[in-house]
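Please look over the sequence and the structure shown here before reading on. The report is meant to be read with the model open beside it.

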Amino acid sequence: MLAKLYKLLAFMMVAALLLAACAPKATPTPVETAAPVETEAPPTPAFKACQVTDTGGIDDKSFNATAWKGVQDAMAELGIEGKYLESQQQTDYEKNINAFIEDGCDIIITVGFLLGDATKAMAEANPEQKFSIVDFAYDPVIPNVLGQVFNTQEAAFLAGYLAAGVSKTGVVGTFGGIQIPPVTVFMDGFALGVEYYNQQKGTNVQVKGWDPYSQTGLFTGNFESTDDGRTMGESLMDEGADIILPVAGPVGLGTAAAAMERGGVYIIGVDSDWYLTAPEYKSIILTSVLKNMDITTFQAIQSALEGTFAGGVVVGTLENGGVGLAPFHDLESMVPAELVAELEDIKAKIIAGEIQTLPSAAPEEEVTDIGTAEHPIKVLFVPSVDAAEIIAGGEILAATLKEATGLEFEVSVPTSYAATIEEMCASPTDTIGFIPGLGYVLANQLCGVDVAAKAVRFGYDWYAAMVVVQRDSDIQTLEDLDGKKWAYPDPGSTSGYLYPLYMFQQAGVTPGETLEAGGHTGVIRAVYNGEADFGTAFYSPPIVDGVPIAWEPGDPPDVPEELLESCALTEDKKTIMCGNFEPRDARRNLREEAPDVMQKLRILAVTPKIPNDTLSFGPEFPEALRQQIMDALFAFAENDPEGFATAMAAYDWTGIVAAVDEEYDPIRQAVEAAGFTLEDLGE
């Protein structure tokens, strides 16, 4: 039935077509037609400029924020769409760039020297994608990447001259986040500007925190921690600096906070005008060294939008306005008109090439006043025990050295372990430091502090780290420590934390809960009282019959079983004796509080040798003076061992021997394995 119906319909359609073809043509009748309807064209996709920050974040009030202002200006003036992704860690760089490539961004702005490798890799893998990177340039040029670099040293030179001209203390300071060229270029210009002021005025304004010739100075190791900025700023202020240039992004805001609290200290901002971007500190912002990345970023976006984009390099200078000094704002009255005129003259000479703003060879300068009453040699000790006891012993040492050499010395105990190291780096020509091996390794890495000698303690020039447990504990091997509660002195302890951590890593042991006991004695107390399953503290080999025993690390010589019951304090309560066996490890620190500590605690394991604490010199300490001091010190220890031991009693030094840097390589290996930094030393 359906088939018949389809045939009938088909026949009717054909007939209709034939009739239409045969019919005479009709005369067309004019009709009014509606105007054609205009159809709306599909919208053109918005041009997208996308920024990837470094770990400082988009609101760092520094170079990420300044570059983002360039994107925002392009959004307002060019009608484009702008986006950003913040990198929380370095592994985010390539991931964030790739996310923007997938998002179809027309140009990707990467911000910071540390993004150089990731930007190069992604640009070469995506040759059609346009990039512009702040603070980096490639040689040879990458065709789809525009590098933005800045002669920041030109503006920083002016800031250094200004700082020297208004400083009341004659001391100014600077520090960086990470030692990379976009950071050190600020510090170079600043230090050379101060040097130029001294040359012109016959003054001696000092720069703490950076030597442009040796390229050594102070760095926090990051661009995030305002606490580090506070610590570094306080250290420089303690050195007398009343004007500070922090080149570390938001880290510098910690310095500004410390300066506000201290009073009489002023900050020079970097990258952007801190008076505007950090208004909470505007009362102490003298000026800022401007790196006008917003302008170059805007120009890069505009060229990509207009089709004129080309890879290569754009350089911001004083001449083209890419760098400069911010106004003095509320502190204009601090800057005399004469100094303002001098800055304008210097700016013109820099543009004309008459003044060099980067270091070449170090100036020939003979240091003649180190060791005088006006410029005493600083003798620094880490604050490991009672400061008064350290100072008293240090004064004995200083008096003896003065008598032997005729030099003047000044003894001090900085506020923290890290501060001792920072001061040695900040004063490279005139400091001596008595610092432990871990501190030495970090100081050597930071600024080239150089070891000259190491301690001898009761016949040994080394010590070790030990693991201690209760004698009746079922912990018998290192593997038994897995998941157990660990007491350690503090994260800055070589024997109490670093070496044990390295040993655990090597053994595949992962402790469970941890307890920071606040010192080696605290560790012994915690294990003694059952507050922790095991503890780690210093181990020094025992003395038998008053003589150091010949021993190599391995199975630790503990108090022999037959002598345990005889362990008792000597009359002066300074020594614990077990028959003829005198233990000299950290357990003896608890001897008065717990006379049975030897009976109750045993040693489970001991690490390899750790070279003893060092006597180290600042990286630029004059060689002739160094030799003179070392000769006098060795003579003191040899000719008057009791007097030397009394002077160094706070650290149990009974002698001293020469040392070389290579002896501390095992500590370097442990530092590298643990990822240890100066910040880990704590207070």
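The sections below go from the chain as a whole to its sheets, its helix pairs and a few single residues.

## The chain as a whole

The model is a predicted one, and its secondary structure comes to 20 helices and 31 strands. Of the 683 residues in the chain, 53% are buried.

## The six-stranded parallel sheet

Six strands, in the order β2-β1-β3-β4-β5-β13, form an open sheet with parallel pairing. Its edges are β2 (81-85) and β13 (312-316), each of which pairs on one side only. Neighbouring strands of this sheet are turned against each other by 20 degrees on average, with direction ignored.

Within this order, strand β3 (residues 107-111) and strand β4 (residues 130-134) pair in the parallel sense over five bridges, and I107 has K130 in β4 as its bridge partner. Helix α3 (residues 92-102) lies across β1 (48-52), β2, β3 and β4, and the helix runs at about 170 degrees to β1.

Strand β6 (residues 171-176) is mostly covered, with six of its six residues buried. In a regular strand the side chains alternate between the two faces of the sheet. In β6, V171, G173 and F175 point one way while V172, T174 and G176 point the other way, and all of these are buried. The strand pairs with β7 (residues 206-208) in the parallel sense over three bridges, and the bridge partner of G173 in β7 is K208.

G170 lies in the loop between α5 and β6. Although G170 and V205 are 35 residues apart along the chain, their C-alpha atoms are separated by 4.5 Å. Apart from its neighbours within four places in sequence, G170 is in contact with N204, V205 and Q206.

## A three-stranded antiparallel sheet

A further open sheet is formed by three strands in the order β24-β23-β27, and here the pairing is antiparallel. The edge strands are β24 (547-548) and β27 (581-582), each pairing on one side only. Strand β23 (residues 543-544) pairs with β24 in the antiparallel sense over two bridges, and I543 stands opposite P548 in β24.

## Two helix pairs

Two packed helices are described by the angle between their axes and the distance between the axes. For helix α5 (residues 152-166) and helix α11 (residues 337-351), the axes come within 10 Å and cross at roughly 155 degrees. Because of that angle, α5 is roughly antiparallel to α11, and α5 passes α11 in a right-handed crossing. On the α5 side the contact involves E154, F157, L158, Y161, L162, G165 and V166, which meet L339, E342, L343, I346, K347 and I350 in α11. By class, the residues of this contact divide into nine nonpolar, one polar and three charged.

Helix α7 (residues 226-238) and helix α8 (residues 251-262) have axes 6 Å apart and pack at an angle of about 50 degrees, and α7 and α8 are therefore oblique to each other. Here too the crossing is described as right-handed, with α7 passing α8. The residues of α7 in this contact are T226, D228, G229, R230, G233, E234, M237 and D238, and those they meet in α8 are V251, L253, G254, T255, A257, A258, A259, E261 and R262. The contact of α7 with α8 has six nonpolar, five polar and six charged residues.

## Helix α14 and the residue after it

Helix α14 (residues 437-447) is mostly covered, since nine of its eleven residues are buried. The buried residues are G437, L438, G439, Y440, V441, L442, A443, L446 and C447. Just after α14, G448 takes a positive phi of about 90 degrees.

## A buried loop residue

Is N292, with its relative accessible area of 16%, buried or exposed? N292 is found in the loop between β12 (285-291) and α10 (293-306), and N292 counts as buried because its 16% is under the 20% cut-off for that class. Leaving aside neighbours within four places in sequence, N292 is in contact with F150, G321, G322 and V323.

Technical notes
Residues numbered from 1 in each chain as written. Predicted model: local features only at pLDDT ≥ 70, side-chain atom pairs only at ≥ 80, totals over all residues. Heavy atoms only, no water. Axes fitted to C-alpha atoms, helices over the stretch in contact; angles between N-to-C directions. Helix = DSSP H or I, 4+ residues; strand = E, 2+ residues; numbered from the N terminus. Parallel < 35°, antiparallel > 145°, perpendicular 65-115°, else oblique. Left-handed = near helix turned anticlockwise from the far one by under 90°. Contact = heavy atoms within 4.5 Å. Nonpolar A, V, L, I, M, F, W, Y, C, P; charged D, E, K, R; others polar. Buried < 20%, exposed > 50% of the residue type's maximum accessible area, 1.4 Å probe, protein only. Pairing = 2+ DSSP bridges.
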